[in-house]
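The structure under study is shown first.

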Amino acid sequence: MNYLKIGKATDLSGGERKLYRRLEMLPAFLSWVTLIGLVVLSYFFPVKVAFFVIAFDVYWLLLVVFLGIHLIVAYRKMQKNIKINWEEKCIFLESDVGKYEEQKEKYSEEKNIPLKYKYKWTDLYNIVVLPTYNEGMEIIRPSIDAIAKDTFPKEKMVIIYAVEARGGEQALKRANQAKQKYGNMFMDFIISVHPDGIEGELKGKGANQAWAAQVMREELIDKEQLNYKKILISVFDIDTIIEPGYFHNLVHTFLTVENAYRASYQPVPVYHNNIWQAPFFARMAASSNTFWQMMQQIRQEKLATYSSHSMTWQALVDIGFWSTKMVSEDSRIFWHCFCHYKGDYRVEPMNYPVSMDVCVGESKLDTARNLYKQQRRWGWGVENVPYLIFNTIKDWKNIPKGKFIGRIMVQIYGFHSWGTNALIIAVVGWMPLILGGDRFNSTVLSGNLPVVTRALMTMAMGGLVLSAILSTMILPKKPKGVKKRKYLSMVGQWILLPFSIIIFGAIPGLEAQTRLMFGKYMGFWVTPKSR
């Protein structure tokens, strides 16, 4: 049994299936025990819960300060990288080529020697996979345009346009239109059509990508006998618009880091494509996610692949391509590699932006509905928790235990915080006053609890001010026809962030965990694109 290809408990049998089901229940169990436990304890031990709430508020304030510092550092790095001419930096590396042997004594292992001593940047190929379902040309065209305008040599670039057969004739028609317009601009432009109804597959992006990679391997890479070690493959959501210089930045990073084949390469997703048209609550959710991804670039030990990213073809072949059974395929590919290489795999932050779409529907109500579903699908990334724990148990004797346990704890903490923190502050924190009765309300603490909580949360509002400032600073140019007063709503929207965190954060995250706990497995929901 290849445990690294597991999608859910039903892929197993017997005792292994029971174990995996218990692990699937763990995240929601921890979250609900925390929330329900605090409510119950507020009745029996209101004073103790009140002290816990105050301590939690202090922790939250310190966390806001900590993350704020990381956000500022990440913003400055990203802005600095945008201004760099990455093509010149790649050309500069050519002076190091040929020094591979003489550099060996400087490094503990040969794999740690940066590849700039072995390869020229022009030796490398960039393959771009663009999985699509039913998106229109108004979404597709700008994405391919941005790739075509990038300065990386097009004779070293390949586009694989991955179509779902269930998208019908219109999807294939759009693929052919794209190939007709862009096919001659690249080394190759391959259209792959993923058949519908393959047994054992989950209908989603991962299965489409895996099929596309196999087509690419047969029709080009193996046919032309391209060197696996000289290929970088990027998987972009179809709405991804790269910043100029992306591929030179990617290649430069790949050639200069140590142990380059044991890494994925992650840009910063910035949701700007249609931000001026999006409702305020959709903008807030998108900007919050952007800021979170920016901060994660500074905390590399917590970083996993997300949405659009790049990796080596060699690593992809080693693990047998993407899982065909997963909803969260963009993060699972990292955990698959992490387990396959016994913990010797990481994500290298590029500190470089790619622009993506804010979730926008036909109306505000439709947008709210779609945004909730999108957040719930992102919350379904919790399915990686049982996967990681299960594979840790199965390979216990052969792995660096501390590294794996550390990663597991980070994942559990992250999803637990996602589902509980905002609810603890907004709801549970007031339970001692509501449920404590005269036993609590007659104490001095009962009068001080609201005062202390209000003071701490007021100080934490500094995080909202920082978010408002940075979100304005990174906004794209205002489109024609949009009034200047729109800037005021862009800033003022952050006042409502506490409500947004609950409605489009904690609740969908908690629902995803609860669904997993009861075995109500989710399918892959495609976020509608609208501009």
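In which helix do Phe56 and Tyr59 both lie, and how many residues apart? I found both in helix H2 (residues 46-83), 3 residues apart, about one turn of the helix. Helices here are DSSP runs (H or I, at least four residues), numbered from the N terminus.

I note that this is a predicted model, in which local features need pLDDT of at least 70 and side-chain atom pairs count only at pLDDT 80 or more, while totals for chains, interfaces and linings use all residues. Residues are numbered from 1 along each chain as its sequence is written, and side-chain values use heavy atoms, with hydrogens and water left out.

Next I looked up the rings. Rings of Phe, Tyr and Trp (its six-membered ring) pair if their centres lie within 6.5 Å; planes under 30 degrees apart count as stacked, over 60 as edge-to-face and the rest as tilted. The count by this rule is 26 aromatic pairs. Phe56 and Tyr59 are a tilted pair, because their ring centres are 5.6 Å apart and their planes stand at 50°. I also recorded one aromatic cluster, formed by Phe334, Trp335, Phe338, Tyr341, Tyr345 and Phe404.

I then checked accessibility, where buried means under 20% relative accessible area, exposed over 50%, and partly exposed in between (1.4 Å probe, protein chains only). Phe56, at 10%, counts as buried, whereas Tyr59, at 29%, is partly exposed.

Last, I looked for charges over rings (NZ of Lys or CZ of Arg within 6 Å of the ring centre and within 35 degrees of the ring normal). Lys118 has its charged end over the ring of Tyr100, 5.1 Å from the centre. Arg332 lies over the face of Tyr387, 3.6 Å from the ring centre.

Terms used: Helix = DSSP H or I, 4+ residues; strand = E, 2+ residues; numbered from the N terminus.
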